[in-house]
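Subject: Handover of a structure for your study

Dear colleague,

Please find below the structure that I am handing over to you. My notes on it follow directly after.

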Amino acid sequence: FDYVQKPFEIEEMEVKIEKALELRRMRNELDYLRHTQNDIYEFDRIVGSSGALAKVLGVVRKVAKSNTTVLIRGETGTGKELIAGAIHHNSLRASRNFVRVNCAALQENLLESELFGHEKGAFTGADKQRIGRFEQADGGSLFLDEVGDMSPSTQAKILRVLQEHEFERLGGTRTLKVDVRMIAATNRNLAGMVAAGSFREDLYYRLNVVSIDMPPLRERKDDIPALADFFVRRFCGELKKRMDGIHPDALKLLLRYNWPGNIRELENAIERAVLLTEGSHITADDLRLGEVVTSGDGEGPALVKIPPTGIALEEIEKRALIEALKMSNWVQKDAAELLSISPRVINYKIKTLGIEFPRSRRYVPVAEN
Ligand SMILES: Nc1ncnc2c1ncn2[C@@H]1O[C@H](COP(=O)(O)OP(=O)(O)OP(=O)(O)O)[C@@H](O)[C@H]1O
Ligand SMILES: [Mg+2]
């Protein structure tokens with residue numbers, strides 16, 4: 001607070017009181033905002049009790065309190081951002097900022113100006129000085145999302161911050177020091193990118209001090225009922241609907257599906273179903289899972305389109321298999337389940353129909369385990 005000289009003006013006093021009150025309001029507001037933000041990342045908001053998720057949360061608890069850099073790997077929609085937030089909000093830095101940057105969303109120059117800020121006149125269009133995300137995150141954590149999508153120049157600058165804790169704003173000469181904990185995430189194979197020469201090896205080791213692998217939803221189907229329930233309640237609340245839950249047949253469908261888009265896809269599917277459902281339960285019909293079906297006339301939609309010139313049944317079979325494999329992220333066991341055939345039969349068909357796997361997805365006969 002402030003002091004006043006003995007013979008004081010009433011106006012002067014009023015201004016000072018007003019300022020003090022304003023400061024208190026802002027402090028309260030900040031307190032409140034921080035509190036609500038913490039809420040989002042409390043562990044009990046992370047739904048699921050599968051062993052796979054418990055393992056992830058165990059690592060989160062262990063690393064949260066340290067300043068270690070963490071690399072979170074996993075397919076799209078598996079909860080990488082949620083986990084990054086949980087690490088920050090359970091760390092000693094929780095009262096400071098958690099700042100996120102999506103490295104894939106911006107071109108090299110824009111991304112660097114976003115991260116490091118720029119001085120006025122650094123480039124055409126830079127008509128004001130700008131504070132970068134590293135400065136905003138000082139004392140807190142910076143979440144580098146899609147970290148595999150950075151240019152070599154940006155990679156070098158990030159490495160310098162990790163090693164020396166310093167950088168310059170674009171177009172600036174002053175070296176700035178920051179204390180930032182970095183958490184990175186990627187759905188790409190960074191080790192493979194290092195081998196291919198598109199990601200710096202030294203940066204990879206710096207980021208990957210501790211790594212967390214987010215399990216895809218199809219590998220923790222035990223979590224589906226609880227997650228589905230959680231999303232039903234959330235969207236009922238948001239859409240002001242009353243609903244008793246999910247019909248057992250619909251739940252069966254949710255459990256059978258392979259969720260290539262993981263939890264985000266489940267979340268979207270439930271939102272759509274809650275919106276469409278008129279009864280008290282979500283039924284199998286309300287769920288339009290992975291709608292691949294194209295043209296449809298008359299009764300049901302057509303599953304295949306036969307060209308007027310004709311097509312070999314074998315070719316249709318091959319395409320159906322490839323479609324199912326893609327939907328299952330090339331896990332044969334899951335694709336077999338989608339097509340109601342046994343793992344042995346799918347192995348056989350993959351071989352005889354000459355289906356080729358993408359280079360990153362090794363063909364592993366399922367009979368092994
Ligand atoms: N265990 C969980 N409990 C509740 N909600 C979850 C859980 N995991 C993920 N979600 C929700 O699923 C959605 C996707 O999660 P998130 O954005 O963290 O995934 P991501 O791995 O970062 O995806 P992308 O690679 O597409 O960016 C979010 O709305 C998130 O809140
Ligand atoms: Mg994300």
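In which loop is Thr78 found? Thr78 sits in the loop between β1 (70-73) and α3. Before going further, please note that this is a predicted model, in which local features need pLDDT of at least 70 and side-chain atom pairs count only at pLDDT 80 or more, while totals for chains, interfaces and linings use all residues. Residues are numbered from 1 along each chain as its sequence is written, chains are lettered from A and ligands numbered from 1 in the order in which they are written, and side-chain values use heavy atoms, with hydrogens and water left out.

The chain as a whole

The protein chain has 14 helices and eleven strands; helices (H or I, at least four residues) and strands (E, at least two) are DSSP runs, numbered from the N terminus. Of its 369 residues, 39% count as buried. Here, buried means under 20% relative accessible area, exposed means over 50%, and partly exposed lies in between (1.4 Å probe, protein chains only). Among contacts (heavy atoms within 4.5 Å) between residues at least 6 apart in sequence, 70% join residues at least 24 apart.

Two buried residues

Thr78 is buried, because its relative accessible area is 2%. Its side chain reaches the backbone oxygen of Glu75 at 2.7 Å. This is a polar contact, that is, a pair of N or O atoms within 3.5 Å; within protein, one must be able to donate a hydrogen and the other to accept it, and residues adjacent in sequence count only if both atoms are side-chain atoms. Leaving aside neighbours within four places in sequence, Thr78 is in contact with Met214, Pro215, Pro216, Arg220, Asn262 and Ile263.

Ile183 belongs to strand β8 (residues 181-186). It counts as buried because its relative accessibility is 0%. Beyond its neighbours within four places in sequence, the contacts of Ile183 include Val70, Ile72, Ala84 and Ile87. Ile87 is 96 residues away from Ile183 along the chain, yet their C-alpha atoms are separated by 8.6 Å.

The surroundings of ligand 1

Which residues are closest to ligand 1? They are Thr76, Gly77, Lys80, Arg264 and Glu267, out of 17 residues that surround it (a residue is near a molecule or strand if one of its heavy atoms lies within 4 Å of it). A polar backbone atom of Gly77 is 2.9 Å from an oxygen atom of ligand 1. For Gly79, a backbone N or O atom lies 3.1 Å from an oxygen atom of the ligand, and for Lys80 a polar side-chain atom lies 2.8 Å from an oxygen atom of the ligand. The elements that give two or more residues to this shell are α3 (80-89), α9 (224-239) and α11 (262-276).

Helix α14

The buried residues of helix α14 (residues 343-352) are Ile346, Asn347 and Ile350. They lie on the same side of α14, because they cover an arc of only 105° around the axis, the arc being that of the directions from the helix axis to the C-beta atoms. An α-helix has 3.6 residues a turn, so residues three or four places apart point the same way. On the other side of α14, Arg344, Tyr348 and Thr352 are exposed. The cover over the buried residues of α14 includes α12 (313-327) and α13 (332-338). Just after α14, Gly354 takes a positive phi of about 65°.

Yours sincerely,
A colleague
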